[in-house]
Amino acid sequence: MEIAKNIKDKCPVWNPYYKNTLTDEDWMNLRYDLVTLIQQQQVGPVLVRLAWHDAATCNKDRETGGPHATILVQDKAKQPDPNNAGLDRAIKALAPIYKKYKSGISNADLWSYAGALAISVMGGPVTSWQPGRNDYTCLCQADLEHETNNIPSATDDFAKLTATFARMGFNPLEMGTLNMGGHSLGRCHKKVSGYHGSWTPYENTFTNGYALLTPLTPKTNESLTLPGGVKSWQSNFMVQKDKYVMALPSDEEIVGNLLGNPATTAAFLQIHGRNMEGREYFFGKFQGLWKRLLDCNIDGAKLGRQCVSTYQSDLFGLYECPTPGDWVVTPGNPPSAWP
């Protein structure tokens, strides 16, 4: 403990927040540049993953970590988290935009805003977003346990997954909703994770499609054997438009356990709604949870009252934030079983 205290004492003084100086026009131009990047280079899914992994350094119990561009100081300290493999693609894609606006924005804000905007651009819900997250300048400022993000792993069991999300302030149903939304986008790459394939046939469209494709049956250990040592192609997953869709072992842990628990079955089935009302309910739930994740360990009052539009067609960049009780409008009628 004394060694840890000494390390903390030597840590550079750092303010987690900064005051936004970008103008309304600046934010409109920045949004245009990001929308162009997302649409032309198809990087929306990896931008969402970057924002999620940065926020997931958060430990609400210890009041440490959070969305402050942790990956950059981890790499600088030569202590990278292996679960962040492949995110260099997102950071490199954003580098020219950061260079253009770096006098008025941090990496942390750029990553977070890009993740919020990407969900909207790919057809998902629009999320209220505030600027003002500063970058860490030294890994000691993050004060992470074991100096890692503790990002969930593809092979984690349900107990470990729920403990990881509880650290960020989410219960199992909320974890399931975030997982279903995040895994409606993108794909796994064998060279990055050892897993291969897309979660849905529509990798750049945010829907409740992954929830719809997820079999509402207990998990199975059976899998298809494919050339090249490819993992994670599940025989109990559907084929749509001549494409296999896949699941990670952690996906099956979440689905199987939430459906297998009478306390969560009805509420989790609501996320899988196979009609427009179910889609709206899912979008509404994800919208609020995504904002909470992006703001994990962030004091909204210290970010100020300015919000930035995450809707690509808005004719403005900045607007006055809604009151906290009005952050999210959830369509549909949520089931009483939802905690």
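Trainee: Are C58 and C296 buried or exposed?
Mentor: This is a predicted model. In it, a disulfide joins C58 to C296, S to S 2.0 Å. C58 lies in the loop between helix 3 and helix 4, and C296 in the loop between helix 14 and helix 15, so the pair ties together parts 238 residues apart in sequence. Both C58 and C296 are buried.

Trainee: Which hand does the link of C58 and C296 have?
Mentor: The angle about the S-S bond is -55°. That link is left-handed.

Trainee: Which parts of the chain does the pair C11 and C140 link?
Mentor: C11 and C140 form a disulfide, with sulfur atoms 1.9 Å apart. The two cysteines are 129 residues apart. C11 is in the loop between helix 1 and helix 2, and C140 is in helix 7.

Trainee: Is C321 buried or exposed?
Mentor: C321 forms a disulfide with C307, their sulfur atoms 2.2 Å apart. Buried means under 20% relative accessible area. C321 has 4% relative accessibility, so C321 counts as buried.

Trainee: What pattern do the disulfides follow?
Mentor: A search of the whole structure finds three disulfides. Count the bonded cysteines along the chain, and the pattern is 1-3, 2-4, 5-6.

Trainee: How many residues of helix 3 are buried?
Mentor: Helix 3 is mostly covered. Its buried residues include W52, H53 and D54.

How values were computed. Residues numbered from 1 in each chain as written. Predicted model: local features only at pLDDT ≥ 70, side-chain atom pairs only at ≥ 80, totals over all residues. Heavy atoms only, no water. Buried < 20%, exposed > 50% of the residue type's maximum accessible area, 1.4 Å probe, protein only. Helix = DSSP H or I, 4+ residues; strand = E, 2+ residues; numbered from the N terminus. Disulfide = S-S within 2.5 Å.
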